[in-house]
Amino acid sequence: MGNDPILEIHGLGKNYPKFQLKDVSFSLYPGKIMGFIGRNGAGKTTTLKLIYGLVKKDAGEVLYEGRPIENEEAFKCDIGMLFGGIDFYPNQKARTIAEVTRRFYPAWDEDLFQKWVHYFDVDLNKKIKELSNGMRVKFNLAVALSHGAKVLLLDEPTSGLDPVSRDELLDAFRRIAKEKGTAILFSTHVISDLDKIADDIAYIQNGSIVAFESVPDFKKHYRHIEGDTASLTGSERDRIQHFREKDGRFAGVVYDDDRIIESATYKEASLEEIMLAIERGNENEESPF
């Protein structure tokens, strides 16, 4: 994956009464965007909180630039953490939040902050609750980028945003990674966003990492298939993951080397299609009503 990792996660673990995060390991590289995917409750947010130190880990370690984190304050100066849909001090003006925040960061760059605010067109005179969801995320991103963050941990940053606002943020993330060399760990359920910008994928399932590789390597194991339903036998249908049928046509996902029907059309599967295939398999159950 090139260069040395800026953030390394080794054997991270956390035990809760009804959930266990088990031996989570992956690495984040400068200038790369990693998509962090999995179902609700798989452990994505817990992992991010453990990395940032919001939750105490039961096992494992986090290495920053090859070394264990000894100075948490210095570490957090280099890390930006964004939670989508969560706002602190909603009745305070954005300007006030920025003025308070800058005091905690020795490397705060006020000129850079103003440039980001201008770029994102954020009105600092508005209260946080008066900003749209998209503007709140952009404001928080401007703050994170103005204290010298080398790593961005994003937990559902585009949650609830309209398609235009999401696309604007994706462009910003792409530019930040490419031009600033910032490493981005992007947890989201809008998997189509990752098809647009992710370089690597970490897939978590039931508290464990089941895949960690580049997007092309992850995708090469699967293919999208579609064709005429009449051409399928029952055994062939059972080999298609996440089978769907409409108007005499079928679509689904197969393993890359599984050419079920020669007349069918095959193409690269999207990340969302692959995730659905992994999670739902060939249990192509019908609706109960």
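Predicted model: local features only at pLDDT ≥ 70, side-chain atom pairs only at ≥ 80, totals over all residues.
Helix α4 spans residues 110-120, and its buried residues are F113, W116, V117 and F120. Viewed down the axis of α4, these buried residues fall within an arc of 100°, so they line one face of the helix.

At the N-terminal end, α4 is capped by D109, which places a side-chain oxygen 3.2 Å from the backbone nitrogen of D111. After the helix comes D121, a residue with a positive phi, near 60°.

When neighbours within four places in sequence are left aside, M135 is in contact with F120, D121 and V122. M135 and S165 are separated by 30 residues in sequence, and their C-alpha atoms are 8.7 Å apart in space.

The structure holds 15 salt bridges. One of them joins the side chains of E168 and K138, with an N to O distance of 2.6 Å. This pair links distant parts of the chain, since E168 lies in helix α6 and K138 in helix α5, 30 residues apart. The two partners fall into separate accessibility classes: E168, at 38% relative accessibility, counts as partly exposed, whereas K138 is buried, with a relative accessible area of 7%. Here the cut-off matters, because buried means under 20% relative accessible area and exposed means over 50%.

R249 takes part in salt bridges with E226 and with D228. In the bridge between R249 and E226, the closest N and O atoms are 3.8 Å apart. R249 lies in strand β13 (residues 249-255) and E226 in strand β11 (residues 222-228), so this pair ties together parts that are 23 residues apart in sequence. For the bridge between R249 and D228, the closest N and O atoms are 2.8 Å apart, and here too distant parts of the chain are linked, with R249 in strand β13 and D228 in strand β11, 21 residues apart. R249 is partly exposed at 36% relative accessibility, as is E226 at 26%, and D228 is likewise partly exposed, with a relative accessible area of 42%. Elsewhere, E65, R67 and K150 are linked in a network of salt bridges.

Strand β3 (residues 33-37) is mostly covered, with five of its five residues buried. In a regular strand the side chains alternate between the two faces of the sheet. In β3 both faces are covered: I33, G35 and I37 are buried on one side, and M34 and F36 are buried on the other.

Strand β3 is paired with strand β8 (residues 183-187), the two running parallel and being joined by four bridges. A parallel pairing over four bridges also connects β3 to strand β9 (residues 200-205). G35 stands opposite F186 in β8 and opposite I201 in β9.

T188 is placed in the loop between β8 and α7 (191-197). At 0% relative accessibility, T188 counts as buried. The side chain of T188 reaches the backbone nitrogen of V190 at a distance of 2.9 Å.

Leaving aside neighbours within four places in sequence, the contacts of T188 are with F36, I37, E156, T158 and L194.

How values were computed. Residues numbered from 1 in each chain as written. Heavy atoms only, no water. Buried < 20%, exposed > 50% of the residue type's maximum accessible area, 1.4 Å probe, protein only. Arc of directions from axis to C-beta. Polar contact = N/O pair within 3.5 Å; in protein donor to acceptor, adjacent residues only side chain to side chain. Salt bridge = Lys/Arg side-chain N within 4 Å of Asp/Glu carboxyl O. Pairing = 2+ DSSP bridges. Contact = heavy atoms within 4.5 Å.
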